[in-house]
Amino acid sequence: MQFHHHGYVSTDPRTQDAAGVGIDRPDELPDNVDVLIVGTGPAGMITAAQLSQFPGITTRIVERRGERLTIGQADGIQARSVETFQAFGFAERIIAEAYRITEMAFWKPDPSNPANIIRSARAIDDPSGVSEFPHLIVNQARVLDYFAEVMANSPTRMKPDFGLDFLSLTNSNHGEYPVTVTLVHTTGEKQGQERIVHARYVVGADGAHSAVRDSIGCTLAGDQAFHAWGVMDVLAVTDFPDIRTKCAIQSGTGGSILHIPREGGYLFRMYVDLGDVSPDDDGAVRKTTIDEIIVKANAILHPYTLDVKNVAWHSVYEVAHRLTDRFDDLLPEEINIRSPRVFILGDACHTHSAKAGQGMNVSMQDGFNLGWKLAYVLDGRSPDSLLSTYSAERQVIAKNLIDFDKEWSTLMATKPEDLKVPLEDFYTQTAEFPAGFMTQYPPSMLIGEATHQSLATGFPIGKRFKSAPVVRVGDANPVQLGHHHRADGRWRVYAFADADRSALADWAEWLRTSADSPLRAHTPTEADIDSVFDIKVVYQQTHTEIDLGQVDEAFLPKTGPFGLIDYEKVYATDPRHDIFEERGISQGGAIVVVRPDQYVAHVLPLTATAELAAYFRQMLLPR
């Protein structure tokens with residue numbers, strides 16, 4: 001963590017100085033806002049947390065509940081999400097309080113006595129080492145708390161506006177604030193009173209029954225599996241030996257359980273198979289009581305028993321896989337005529353079962369994708385055509401998720417003897433997808449062609465930037481290169497040096513002096529030189545072979561009112577983990593461009609200065 005560059009800090013350095021709209025921020029919801037976010041679930045909160053880093057943007061997030069969430073339905077945190085938490089500054093703290101999944105146990109009927117279950121296999125949770133971060137289980141409410149803390153400590157001092165529900169909106173497509181939103185107070189003295197807010201943009205993160213989605217004419221389309229599950233968070237006494245291990249349990253008597261230990265050492269969640277549901281059930285299965293769910297769980301666990309002492313939360317749901325055909329208010333005939341003004345994300349545009357642990361995780365990536373794009377357009381950094389890339393990128397990802405979840409939930413509900421592929425084999429073979437690392441955006445105005453991918457094969461264009469160990473030259477500390485990628489809206493440009501550094505020297509000089517350089521073309525005149533682009537260099541040599549006095553000043557920028565030198569942009573190879581070897585980086589060097597949401601946008605040779613300049617010109621406006 002870096003601080004003191006604006007003066008000595010003796011308080012919590014995570015609390016930034018108030019700036020822009022954060023100075024004297026009104027408690028009352030303004031009549032006019034830049035962005036109105038509806039819903040304080042994970043998708044809405046990460047969008048708000050990203051926008052909160054931009055002092056000139058008025059963002060408000062409304063929630064129909066009168067207070068913070070206390071019990072969340074989602075609890076699985078995939079490694080990709082923990083990488084994202086690192087960008088927002090709270091990965092270490094949430095890891096400390098969460099349950100960590102390291103392996104999964106698989107239970108099947110005992111061949112000698114099918115009425116009983118036995119452990120048949122164990123599978124390592126991350127067999128390929130796809131991330132240095134763990135797979136976690138933690139209450140969704142705590143995730144929201146951490147994002148709320150990021151917002152509160154941001155320059156804009158953002159906080160949710162509780163007790164306001166969304167009723168309707170209209171978009172005139174004219175004027176400074178074209179979207180008129182009608183809200184209603186749900187609590188307090190104003191309960192029942194309507195409130196009108198005018199917005200430049202509206203984000204609907206209001207769940208599977210989204211009123212924002214309905215207001216823009218989107219509908220969820222898909223199918224229902226006619227299979228029900230009871231889910232319960234409980235404290236219990238049991239003789240089941242793997243109660244503190246994630247388990248897939250398939251019984252011989254029919255039915256299965258997905259068992260997930262929770263944070264704190266005692267609580268656990270069970271998804272209990274309630275069986276097929278008749279198409280004319282008309283919701284009757286949802287009246288299944290908690291006692292009935294517990295009886296069913298005991299039947300599946302036989303010969304083990306479950307004595308439930310306390311129920312923190314329970315519900316019944318039917319598996320449904322549904323997706324909207326667009327994630328914004330642009331009708332097909334309006335494409336290339338206007339830019340979107342209203343967006344939906346998370347459960348508002350894709351629904352599926354909870355058993356793959358993807359709902360909260362994919363929803364947060366929706367918000368991370370959209371948040372910085374809205375900020376760039378509102379901050380005057382990018383044309384509004386950038387906003388059309390949100391739906392284009394995320395709708396495909398949601399379709400892939402639903403296809404995966406259909407297969408996983410079907411396998412979970414299938415009797416072991418009817419499976420073509422053992423459940424544990426499917427779990428291991430597909431581990432990278434649920435971990436969140438199969439997302440790969442195709443070429444677009446944001447994603448370059450893979451013409452030079454061979455220069456850095458370990459950083460696939462369109463996929464998330466996979467961190468690697470390096471040594472920081474200034475203080476000889478071993479660090480993870482990707483952990484310094486903060487959710488501050490900046491682009492990361494990694495210059496991997498050639499062996500003799502000659503090409504690097506030419507590139508650095510061009511970066512500092514050329515009118516075509518992104519630094520000169522797109523950095524605001526009065527801003528710090530690294531306010532838009534965070535330029536880092538990684539040398540092939542060890543840190544003892546690098547003299548900071550000989551490093552180009554392009555990698556030692558001056559920052560803050562005192563013009564202090566930032567020494568945390570110069571890195572060397574860790575001899576124990578050669579990043580050039582581990583990430584397939586050419587000995588001739590390479591440039592790796594990473595978007596504000598941590599996805600690799602381009603790979604280029606050090607000599608491709610014209611191509612680098614042209615790439616940024618297509619989505620960034622001149623300063």
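Visitor: Hi! Which residue in strand 15 is the bridge partner of His-259?
Guide: Met-270 is the bridge partner of His-259. Before we go on, this is a predicted model, where local features need pLDDT of at least 70, side-chain atom pairs count only at pLDDT 80 or more, and totals for chains, interfaces and linings use all residues. Residues are numbered from 1 along each chain as its sequence is written, and side-chain values use heavy atoms, leaving out hydrogens and water.

Visitor: How many bridges join strand 14 to strand 15, and which way do they run?
Guide: There are five bridges between strand 14 and strand 15 (residues 268-276), and the two run antiparallel. Strands (E, at least two residues) and helices (H or I, at least four) are DSSP runs numbered from the N terminus, and two strands pair if DSSP finds at least two bridges between them.

Visitor: What does the hairpin of those two look like?
Guide: Six residues sit between strand 14 and strand 15, and Gly-264 takes a positive phi near 100 degrees in this hairpin.

Visitor: And what pairs with strand 14 over four bridges?
Guide: That's strand 13 (residues 246-250), again in the antiparallel sense. Ala-248 has Leu-258 of strand 14 as its bridge partner. Strand 13 and strand 14 also make a hairpin, with five residues between them, and Gly-254 in the turn has a positive phi of about 105 degrees.

Visitor: Is strand 14 (residues 256-261) largely enclosed or exposed?
Guide: Strand 14 is largely enclosed by the rest of the structure, because six of its six residues are buried. Buried means under 20% relative accessible area, with exposed over 50% and partly exposed in between (1.4 Å probe, protein chains only). One side of strand 14 has Ser-256, Leu-258 and Ile-260, while the other has Ile-257, His-259 and Pro-261, and both faces are covered.

Visitor: What about helix 1? How many of its residues are buried?
Guide: In helix 1 (residues 42-51), 10 of the 10 residues are buried, so the rest of the structure largely encloses it. Among them are Pro-42, Met-45, Ile-46 and Leu-51.

Visitor: What do they pack against?
Guide: The buried residues of helix 1 pack against strand 1 (32-38), strand 2 (59-63), helix 2 (79-88), helix 4 (140-152) and helix 7 (359-378).

Visitor: New topic: where is Ser-131?
Guide: Ser-131 is in the loop between strand 6 (113-124) and strand 7 (135-137). It counts as buried because its relative accessibility is 11%. Apart from neighbours within four places in sequence, Ser-131 is in contact (heavy atoms within 4.5 Å) with Ala-79, Glu-83, Asp-126, Phe-437 and Arg-464.

Visitor: What order do the strands take in the open sheet?
Guide: The seven strands go 20-19-25-22-21-26-27, with mixed pairing. Strand 20 (477-480) and strand 27 (600-604) are the edges, each pairing on one side only. From one strand to the next, the twist averages 30 degrees.

Visitor: How do strand 21 and strand 26 pair?
Guide: Strand 21 (residues 491-496) and strand 26 (residues 590-594) pair in the antiparallel sense over five bridges. Val-493 has Val-593 in strand 26 as its bridge partner.

Visitor: Which helix lies across those two and strand 22?
Guide: Helix 10 (residues 502-513) lies across strand 21, strand 22 (533-539) and strand 26, at about 165 degrees to strand 22. Helix 13 (residues 609-617) packs on the sheet too, touching strand 21, strand 22, strand 26 and strand 27, and makes about 160 degrees with strand 27. Angles run from 0 to 180 degrees between N-to-C directions, with axes fitted to C-alpha atoms, for helices over the stretch in contact.
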